[in-house]
Amino acid sequence: MSESLRGTVLLVDDDPAVAKVLGALLGQAGLATHTARNGTEALALLERWPVDVVVSDVRMPGMDGMQLLAEMGRLWPDVPVILITAHGTVPLAVEAMKAGAADFVLKPFDREEILFTIRKALLRAQGEATNEPLRTPSAFVGSSQRMTEAQALLAKAATGMATVLLRGESGTGKELAAKAVHDGSPRHAGPFVKLHCAALPDTLLESELFGYEKGAFTGAATRKPGRVELAHGGTLFLDEIGDISLAVQVKLLRVIQERELERLGGTQTVKVDVRFVAATHQPLEELVKTGRFREDLFYRLNVVPLWLPSLRERPEDIEPLARHFLDIHARTNGKPPFTLTPDGLAVLRAQPWPGNVRQLQNFLERLVVLSDGQTLTGEDVSRELARQPGLTAPVLTPPQGVTALAAPAGPAAESGRTLESQRKDTEKQALVDALSRAGDNRTLAARLLGISRRTLYNKLEEHALL
C-alpha cells in the first residue's frame with residue numbers, strides 16, 4: 001500500500017520483537033504507534049493517549065486478546081480492535097466478530113495485508129464516529145402504540161426467513177431491532193454479523209462483504225472469508241444499505257437471489273446460507289427513481305419492511321426510557337438509584353431529540369456522571385441542556401405544580417468581536433469545563449462532550465490545552 005496513512009495504532013503483543021517490527025512497518029506508512037505487552041498495560045495506556053486502532057495478539061499471558069476485546073467494547077466501543085493469531089480459523093474469526101472485533105489477521109502476516117486491514121479499520125472508525133450504536137443490555141423500552149406495533153412486527157418477522165428492511169431516522173435503534181430479529185429467529189444460535197456499509201469505499205466494502213483469495217490484490221497474502229461467509233447459518237446485518245454504489249449493488253443482488261458468491265480474485269462459487277437484515281435512513285424509493293439504487297435490489301430487500309418511530313412520534317415513551325437509562329448508568333457508574341422529578345421529566349419531554357433514543361441515552365449518562373445528588377430536577381436537566389450543542393432548555397408554560405424554566409442566560413456579545421472568535425472562546429471554555437468536571441479524565445471528558453477521544457485530543461491541541 002503506497003499511500004500514506006494517518007492515525008495512531010496501539011500494538012499489544014508479549015513478544016517485543018514482533019511489536020518492534022510491526023511498529024517500524026507502521027511508522028514507514030505514516031502511522032504513530034504505542035506498544036503494550038498485554039491487555040492490562042493496553043487499558044492503562046488508553047487512559048492516557050488517543051488511539052485510533054488497537055492491533056492485539058490473541059494469546060498473551062495475563063489479559064489475552066479476547067479479554068482485551070471485551071473490555072474495549074465496554075470502555076471504548078468506538079476504537080476498532082484487530083486481532084492477530086497464528087491459529088486462525090473461520091470459527092475463531094466468527095467468535096472474534098461476534099465479540100466485536102473489527103478484523104483478524106493471520107501470523108506470519110504480510111506487510112501489505114496488515115496495512116490494508118488497518119486502513120479498513122481506520123476508515124470504518126471515521127465513518128461510524130457520528131453513528132455510534134446504542135449500547136443497552138435490554139430490548140426496546142416503551143409501551144406507546146407506535147412502539148408496541150413495531151415490536152409486534154419485529155416478533156412476527158423474526159420467526160420467518162424473509163429479508164427484513166429496517167427504516168427510520170438515525171438513533172431510533174435499527175441495530176437493536178436487527179439483533180432482536182436474529183435472537184427471535186430459528187437462527188439465534190448462529191452468528192450475528194454486522195457491516196456498516198457507509199463506512200467503507202467500494203473496493204474495501206467488496207472485500208469485506210465477499211472476502212478474497214490470496215493474491216487477489218496487493219495486500220491479499222492469504223485467503224480470507226468475507227462477512228457473508230462469516231454469517232453462514234446466521235444473520236448478516238447490513239447497516240446504511242442505501243449508501244452502497246451501483247457496482248456493489250449488482251454483486252449483492254446476486255448473493256441475495258442465488259445464495260452464492262465468488263471471493264475477489266477467485267473462480268470458485270461458494271454457497272452460503274444467510275438471512276439478510278438491512279437498514280437505512282435514506283429514502284430508497286427516491287433513490288430508485290433517480291437511478292441511484294437498483295429497483296430489483298430494493299424489492300429483494302423490502303420483503304418485510306419495518307419502520308422504527310422517531311422519539312418525537314412517541315413522547316409518552318420518554319419517561320420509561322429516561323428511568324431505564326438512569327438505572328443502567330447509575331449501576332454502571334457505581335451510584336445509587338436516581339429519582340427524576342416531574343419538572344425534570346417535563347423538560348426532557350419538551351426536547352425534540354433529533355438524535356432520538358441514542359441522544360437521550362447519552363444525555364442521561366452525562367447527567368448521572370455529573371450529578372452530586374440522586375434527585376434530578378428541572379433545574380438540573382436545564383443546566384446540562386445549556387451545555388450541550390443542539391439542545392436548549394425551552395421556555396415553557398408548565399402544568400400546575402411544575403417549576404417554570406427560563407432559557408439560560410449567557411454573556412452578552414462583546415462589541416467588535418466576530419462570530420468565529422466567540423465560537424472559539426466558547427468551545428475552549430467547554431473543553432476546560434468538561435476536563436474539570438471529569439477530574440482531568442480525558443476519556444470521560446470526551447463522553448461528556450459527546451465526541452470521540454480523537455476529536456477531543458484534536459480540539460485540545462487546537463486550543464493549546466494539551
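This is a predicted model: local features need pLDDT of at least 70, side-chain atom pairs count only at pLDDT 80 or more; totals for chains, interfaces and linings use all residues.

Trainee: How many helices and strands does the chain have?

Mentor: The count for the chain is 19 helices and 14 strands.

Trainee: What percentage of the residues count as buried?

Mentor: A residue is called buried when its relative accessible area is under 20%. By that cut-off, 50% of the 466 residues of the chain are buried.

Trainee: Which contacts should I look at?

Mentor: Consider contacts between residues at least 6 apart in sequence. In this chain, 72% of them join residues at least 24 apart.

Trainee: How many salt bridges does the structure hold?

Mentor: The general idea is a side-chain nitrogen of Lys or Arg within 4 Å of a carboxyl oxygen of Asp or Glu. The structure holds 25 salt bridges. One of them pairs Lys-179 with Asp-183, at 2.8 Å from N to O.

Trainee: Where do Lys-179 and Asp-183 sit in helix α7?

Mentor: They are 4 residues apart in helix α7, which spans residues 174–183, so about one helical turn separates them. Lys-179 is partly exposed, with a relative accessible area of 32%, and Asp-183 is partly exposed at 41%.

Trainee: What about helix α13?

Mentor: Helix α13 covers residues 318–332, and Glu-319 and Arg-323 are 4 residues apart in it, so they too are separated by about one helical turn. Their side chains meet in a salt bridge of 3.1 Å, N to O. Glu-319 is partly exposed at 31% relative accessibility, as is Arg-323 at 35%.

Trainee: Which residue forms a salt bridge with Arg-383?

Mentor: The partner is Glu-379, with the closest N and O atoms 3.5 Å apart. Both residues belong to helix α16 (residues 378–387), where they are 4 residues apart, so about one helical turn lies between them. Here the labels need care, since over 50% counts as exposed. Glu-379 is exposed, with a relative accessible area of 54%, whereas Arg-383 is partly exposed at 39%.

Trainee: Which residues are linked in a network of salt bridges?

Mentor: Asp-103, Lys-120, Glu-208, Lys-224 and Arg-227 are linked in such a network.

Key
Residues are numbered from 1 along each chain as its sequence is written. Side-chain values use heavy atoms; hydrogens and water are left out. Helices (H or I, at least four residues) and strands (E, at least two) are DSSP runs, numbered from the N terminus. Buried means under 20% relative accessible area, exposed over 50%, partly exposed in between (1.4 Å probe, protein chains only). Contact means heavy atoms within 4.5 Å.
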